[in-house]
Amino acid sequence: MNILILNPILYTAERNIIPNVDSIKDTMIYNMGIGFVALGHNVTLCAAEEFRPQKKEDYDFDVYFFRSDWTHLFPPSLLPFSKDLLHYIKKFHKDFDCILTSEVFAIHSLMASIICPQKTIIWQELTSHQKKMFQIPSKLWYNIIGRWCMKKVNAVVPRSIYAYKFVRHYIPQTSEIIVDHGINTNKFIYTEKKKRQIISSSQLIKRKNIDGIILKFASLHLEKGYEDIKLLIAGRGNEETHLKQMVKDLGLTEFVDFLGFLPQEKLSEYVRTSLAFLVNTRQDLNMVSIPESICSGTPILTNTIPASAEYIKREQLGIVKDNWGVNELKKIINENFIYVRNCKTYRSQLTNIEVARRLISIFNQYSKKYRQTFDTCV
């Protein structure tokens with residue numbers, strides 16, 4: 001199949017500031033493209049120009065960057081709009097068998113839904129209405145645009161059970177099959193060999209609540225038999241200076257390592273050799289770092305906020321508990337082998353190849369339903 005992926009926003013831009021990067025090859029959607037290619041499909045990825053990397057790259061498939069327009073009204077980091085992308089879809093949509101687009105509340109999804117609805121499959125991550133302007137734009141979009149302008153799309157595929165419960169009220173052809181982010185297991189390699197360390201990897205910003213993780217680790221450090229455990233903190237952000245000073249004030253400098261921003265190959269080394277991956281977020285959806293960790297054989301200790309908390313708890317891929325603390329840290333360390341083996345069993349469902357296969361299967365299933373409905377009407 002010839003597959004067009006519409007995903008203008010390649011990575012998170014905190015406070016509408018798009019960070020400069022040297023490569024997009026670590027982004028989830030790029031590695032999903034590799035999954036489709038591995039299955040023998042031809043892939044084209046369309047992204048916003050603002051997310052173009054600083055360095056020139058050679059890609060495994062076609063990647064095009066489109067200039068954003070009317071950026072004062074449609075910020076590229078939130079709701080990008082591109083006239084060039086619209087013209088591209090109009091001109092070339094007949095060359096593609098399937099169009100995979102991210103989110104119902106997105107202008108590129110609307111473009112595809114109007115121009116070629118039966119080729120369009122929307123991969124939905126949002127689990128509730130966006131809070132901006134008292135949720136009014138989001139509610140208007142889902143109730144009017146979603147219900148009427150997207151009612152003929154091939155299917156909407158939710159990335160979590162919460163996304164399913166949310167979006168099915170607006171678009172009937174929402175798949176009951178949940179498809180989470182796909183992980184490139186050539187980068188995130190499974191191992192049962194662990195070091196006496198635990199890890200957190202995210203932006204170092206207030207929303208991620210890393211200071212709370214440090215305080216919990218400080219309590220663990222006081223427990224007999226756990227004094228040697230190290231905490232690794234990967235990532236960058238405006239809280240970094242504050243967090244480093246906090247570690248110093250707690251007398252934990254020797255036991256907390258700040259790794260900075262790391263490429264996936266290097267980050268994966270730290271993740272797969274850690275006893276647990278820690279999440280203490282105040283607000284998040286499907287964190288790609290969670291399936292990356294599971295694929296590496298590293299169990300998750302998280303609160304209930306991430307959308308993936310549901311299957312982590314169900315499959316016992318770690319511990320899910322709000323306000324987790326020392327007891328949960330000790331449990332995931334002491335019973336690590338059990339959780340690691342559960343991750344090994346489940347990881348095959350999270351690979352980029354398996355996720356690509358599942359998306360294609362859902363697309364074909366709904367295409368068949370549409371043809372049958374059309375034949376019946378005729």
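Author: In this predicted model, helix H3 passes helix H4 in a left-handed crossing. H3 spans residues 107-115 and H4 spans residues 136-149. Their axes come within 10 Å and cross at roughly 25°. Because angles under 35 degrees count as roughly parallel, H3 is described as roughly parallel to H4. On the H3 side, the contact is made by Ile107, Leu110, Ser113 and Ile114; on the H4 side, Trp141, Ile145 and Cys149 take part.

Helix H6 (residues 210-221) and helix H7 (residues 240-249) pack at an angle of about 15°, with their axes 10 Å apart. H6 is thus also roughly parallel to H7, but H6 passes H7 in a right-handed crossing. Here Ile210, Asp211, Ile214 and Leu215 of H6 meet His242, Leu243, Met246 and Val247 of H7.

The sheet comes next. Six strands form an open sheet, with parallel pairing, in the order E3-E2-E1-E4-E5-E6. Strand E3 (62-66) and strand E6 (155-158) stand at the edges; each has a single partner strand, so one side of each is left without a neighbour in the sheet. From one strand to the next, the twist averages 20°. Helix H2 (residues 83-92) packs on the sheet and touches strand E1 (2-6), strand E2 (42-48) and E3. The direction of H2 makes about 135° with that of E3.

Within the sheet, strand E4 (residues 98-102) and strand E5 (residues 120-124) run parallel and are joined by four bridges. Serine 102, for instance, has tryptophan 123 in E5 as its bridge partner.

The cysteines remain to be considered. With a disulfide taken as a pair of cysteine sulfur atoms within 2.5 Å, the count comes to zero. For cysteine 116, the closest cysteine sulfur is that of cysteine 98, and the separation of 9.8 Å is too far for a bond. Cysteine 116 counts as buried, at 6% relative accessibility. The sulfur of cysteine 46 has its closest cysteine sulfur in cysteine 116, 11 Å away, which is likewise too far for a bond. Cysteine 46 is buried too, with a relative accessible area of 1%.

How values were computed. Residues numbered from 1 in each chain as written. Predicted model: local features only at pLDDT ≥ 70, side-chain atom pairs only at ≥ 80, totals over all residues. Heavy atoms only, no water. Pairing = 2+ DSSP bridges. Helix = DSSP H or I, 4+ residues; strand = E, 2+ residues; numbered from the N terminus. Axes fitted to C-alpha atoms, helices over the stretch in contact; angles between N-to-C directions. Contact = heavy atoms within 4.5 Å. Buried < 20%, exposed > 50% of the residue type's maximum accessible area, 1.4 Å probe, protein only. Parallel < 35°, antiparallel > 145°, perpendicular 65-115°, else oblique. Left-handed = near helix turned anticlockwise from the far one by under 90°.
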